[in-house]
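Biologist: I'd like to go through the labels on this structure one at a time. Can you show it to me, and tell me what stands behind each word?

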Amino acid sequence: MKLPQQVNVLLLGSGGREHAFAWKISQSERVAKLYIAPGNAGTAGCGINVDIAPTNFAGIKQFVLSSNINLVVVGPEEPLVKGIHDFFAGDPEIRYIPVVGPSVDGARLEGSKQFAKDFMTRNNIPTAAYKSFSKENIGEAEEFMRKLKPPYVLKANGLAAGKGVLIIDDFNTALEELGAMINGKFGAAGSKVVIEEYLSGIEVSVFVATDGTNYKILPEAKDYKRIGDGDTGLNTGGMGAVSPVPFADEAFMQKVEERIIKPTIDGLKKENITYKGFIFIGLMNVGGDPYVIEYNVRMGDPETEVVLPRIKSDIIELFEGIVYDTLKDKELVIAPETAVTVMTVSGGYPGDYQKGMVIEGLADTGDESIVFHAGTALKGKEVVTAGGRVISVTSLAGSIKDAAAASYRTIGKFSFEGMNYRKDIGKDLIKIVNAAARKSAASSTKKSTTKSAKSSSEK
């Protein structure tokens, strides 16, 4: 089967990820109409915003029927975990409309930390040692934690809006937080808590598109979670991202594919889990070996803002391959340039912050960068802040340094009251690149010196 040559697309979501998807989808010659539900001020420039919540399945059904929608693309995790794929598949009126996103069973990879860890164990996928606890067996937690070296990693089993992971150095504090989580700190999401071994290394995000049998590996990325420069302060939803990642070289990615991606896809198929969408694999590079920290069942944010600009092939073709099991026949073209995105956030974020601040200067940002709206809204003719993360700016160049510099130049052209952003996105990776270059140069010099000395001795 195939999609019509001209498709009407409904994209669900309202963040920076969805603006990046809307930007990419709108470039396809196969798109007749693009609707975004509910969208933001930025997506309004790519298609038509529709005031429907992504979890309002009845409202979505009514809209897709009235607007002749041919394809539904799900951005955020919540509608996937709540079963939008199954909702469509089980309704005779709309089951013919394909959904880019896994079934509710597949979405458990993100919706349940315990399910994900058990899945990895069943399929021999490398991950940290772990054990799950609830009120019924919380008494065993102390004994398990004493077997671990600090810091202690506590994860709420369910969705907790990105706030359900705690990394704590002190044993007693970790025990107290465990009790708080199980007793409602994160609501129902924390009624079960996964405690796991802390992995020391450097993180990388790997993205895979799959039709359930075949897969395509998309550009990898590294994101920056902490609010402050030098990875200091509180965790956020993401303050920036870089793609490609220098240490994710061919040798490392071959390990990722063989040890993680293939067993993941094979495991889903073996367990009869319908999965047609994206898998975000959060990895830790531990001494050159990849370990899975977590799965997400959709693209990341802000990683999507650096991944999609590097994909040069038609995304509708990719979607068609995902939903109709023909992904192996689709072409994926990835640009060699480096992409760097920097997120601007509201003052006070990730704590309390105000909304409704007018964003000045957006019309003057030029074309050096791509401006993706994350938390914005239209108020009359003005664009105002409507979230903690407000706007991400993505630039492409021949190096991390040049791409980051372009993004920071563009950020200097707009402003809103309380605007904050990290000033060091990519700097840690630049150090890795420079260190590798010095090592390579030293090795070349040594080889040259050795060759010269050998030549002299032969004379």
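This is a predicted model: local features need pLDDT of at least 70, side-chain atom pairs count only at pLDDT 80 or more; totals for chains, interfaces and linings use all residues.

Biologist: What makes the rings of Tyr-152 and Phe-171 an edge-to-face pair?

Modeller: Rings of Phe, Tyr and Trp (its six-membered ring) pair if their centres lie within 6.5 Å; planes under 30 degrees apart count as stacked, over 60 as edge-to-face and the rest as tilted. For Tyr-152 and Phe-171 the centres are 5.7 Å apart and the planes stand at 75°, so the pair is edge-to-face. Tyr-152 sits in strand S7 (residues 152-156) and Phe-171 in helix H8 (residues 171-185), so the pair ties together parts 19 residues apart in sequence. Helices (H or I, at least four residues) and strands (E, at least two) are DSSP runs, numbered from the N terminus.

Biologist: What makes Asp-325 and Lys-276 a salt bridge?

Modeller: A salt bridge is a side-chain nitrogen of Lys or Arg within 4 Å of a carboxyl oxygen of Asp or Glu. Here the N to O distance is 2.2 Å, and the side chains of Asp-325 and Lys-276 meet the rule. Asp-325 is in the loop between H11 and strand S18 (338-345), and Lys-276 is in the loop between helix H9 (250-270) and strand S16 (277-286), so the bridge ties together parts 49 residues apart in sequence. At 42% relative accessibility Asp-325 counts as partly exposed, and at 16% Lys-276 counts as buried.

Biologist: How do you know that helix H11 is mostly covered?

Modeller: Count its residues: eight of the nine in H11 (residues 315-323) are buried. Among them are Ile-315, Leu-318, Phe-319 and Val-323. Phe-319 also belongs to one aromatic cluster with Phe-21 and Phe-278. Just after H11, Asp-325 takes a positive phi of about 60°.

Biologist: What makes Lys-222 sit over the face of Tyr-224?

Modeller: A charge sits over a ring if NZ of Lys or CZ of Arg is within 6 Å of the ring centre and within 35 degrees of the ring normal. Lys-222 lies over the face of Tyr-224 at 3.9 Å from the ring centre. Lys-423 does likewise over Tyr-421, at 4.4 Å from the ring centre.

Biologist: Last one: why is Glu-142 called partly exposed?

Modeller: Its relative accessibility is 34%, so Glu-142 counts as partly exposed. Glu-142 lies in helix H7 (residues 141-145). Leaving aside neighbours within four places in sequence, Glu-142 is in contact (heavy atoms within 4.5 Å) with Phe-171 and Leu-175.

Terms used
Residues are numbered from 1 along each chain as its sequence is written. Side-chain values use heavy atoms; hydrogens and water are left out. Buried means under 20% relative accessible area, exposed over 50%, partly exposed in between (1.4 Å probe, protein chains only).
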